[in-house]
Amino acid sequence: MLKTRRWLGALALAVAFCVAAIFLGRWQWHRYEAKDTVADRITAHYHADPVPLRSVLPTPHTGMPASDEWTPVTVTGRYDASSTQLIRNRPNHGVYGYEVLVPLHLQHGGVLLVDRGWVRNAKTAATLPDVPPPPDGRVTVTGWMREGEPNLHRDMPGGQLASINLGQAQQRIDGNVFETYVIMKHEDPANGQPVTRPKPLEQPSTDRGPHLAYALQWWAASIVGFVLVFVGVRRQKLDEDWQREHGGEGTDGGPDAPPPRPKKVRIWDEEDA
């Protein structure tokens, strides 16, 4: 029976759906694993005690291991307010604006980019927002290390970047830029001057999303095609057996056709009777 064109085609569709469902499940699983790794990293690091930046990254040319992302660090230096870069189209609590990236020249050499926070868009796209200036003189910054972002390859006006791409920022800043930037938690000026800062960024999400559930659903659904084929073949075989037992001829609905196979009586059918 399975060798008929009808059921061979149905079986081929079941195989194709099964393969597609397995691959879609794997895709969702990999997305879950990526979010789970990030969430575990944030949970482990975000509220930890800060460590000196030099204990994690000895020199500006030292790459930051991905496992160190969101590590709290402290660092001391002087801001270069003239080289401030505004990062466009950045959401914060559902509102779009700019993130404010300011170079911090460290006491022992090197430049660390510090994301001091977020400011709301101005009234028009052609107008830059008012940005609270960083403190003068020596300042100690505490914040979380982050990896640089991809280059979006967009031409931006002076003082603006499309993303926090450390290579692009290096081209606009004097000094050797560290291969990480820091999202500021707080800053302490040595001269004790009051600090006005942009609005802090929202805390990173540790939500792993629905990807694990989606992966399990796809994998569970992978056998649905085979189940439908099995049910269809079984139903056809029962119909053919019934026809053979009750005459076997005249199956075209003529006067000699056998009576139709009775349907199974279900509980709800009995209640409606």
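This is a predicted model: local features need pLDDT of at least 70, side-chain atom pairs count only at pLDDT 80 or more; totals for chains, interfaces and linings use all residues.
**Group meeting: salt bridges, cores and a surface patch**

Residues are numbered from 1 along each chain as its sequence is written, and side-chain values use heavy atoms, leaving out hydrogens and water.

What does Arg208 pair with? Arg208 forms a salt bridge with Asp36, with 2.6 Å between the closest N and O atoms; the term means a side-chain nitrogen of Lys or Arg within 4 Å of a carboxyl oxygen of Asp or Glu. Asp36 sits in helix α1 and Arg208 in the loop between β8 and α4, so the pair ties together parts 172 residues apart in sequence. Helices (H or I, at least four residues) and strands (E, at least two) are DSSP runs, numbered from the N terminus.

The structure holds seven salt bridges. Another of them joins Glu69 and Arg146, at 2.8 Å between the closest N and O atoms. Glu69 is in the loop between α2 and β2, and Arg146 is in strand β6, 77 residues apart. Glu69 counts as buried because its relative accessible area is 8%.

Now the chain as a whole. It has six helices and eight strands, and 34% of its 273 residues count as buried.

The largest nonpolar core has 22 residues, and those touching the most other members are Leu53, Tyr79, Leu104, Leu112, Val141 and Met145. Such a core is a set of buried Ala, Val, Leu, Ile, Met, Phe, Trp, Tyr and Cys residues joined through side-chain atoms within 4.5 Å. Strand β4 gives the largest share of this core, five residues. Apart from it lies another core, of 16 residues, including Trp70 and Ile87.

Last, the surface. A nonpolar patch of about 910 Å² includes Phe17, Trp27, Tyr214 and Leu228. Patch residues have over 30% relative accessible area and no salt bridge; like charges are joined within 9 Å, and nonpolar side chains (Val, Leu, Ile, Met, Phe, Trp, Tyr) within 5 Å. Helices α1, α4 and α5 each supply at least two residues of the patch. Tyr214 belongs to helix α4 and counts as partly exposed, because its relative accessibility is 37%.

Methods:
Accessible areas come from the Shrake-Rupley method with a 1.4 Å probe; for residues, only the protein chains shown count as cover. Buried means under 20% relative accessible area, exposed over 50%, partly exposed in between (1.4 Å probe, protein chains only).
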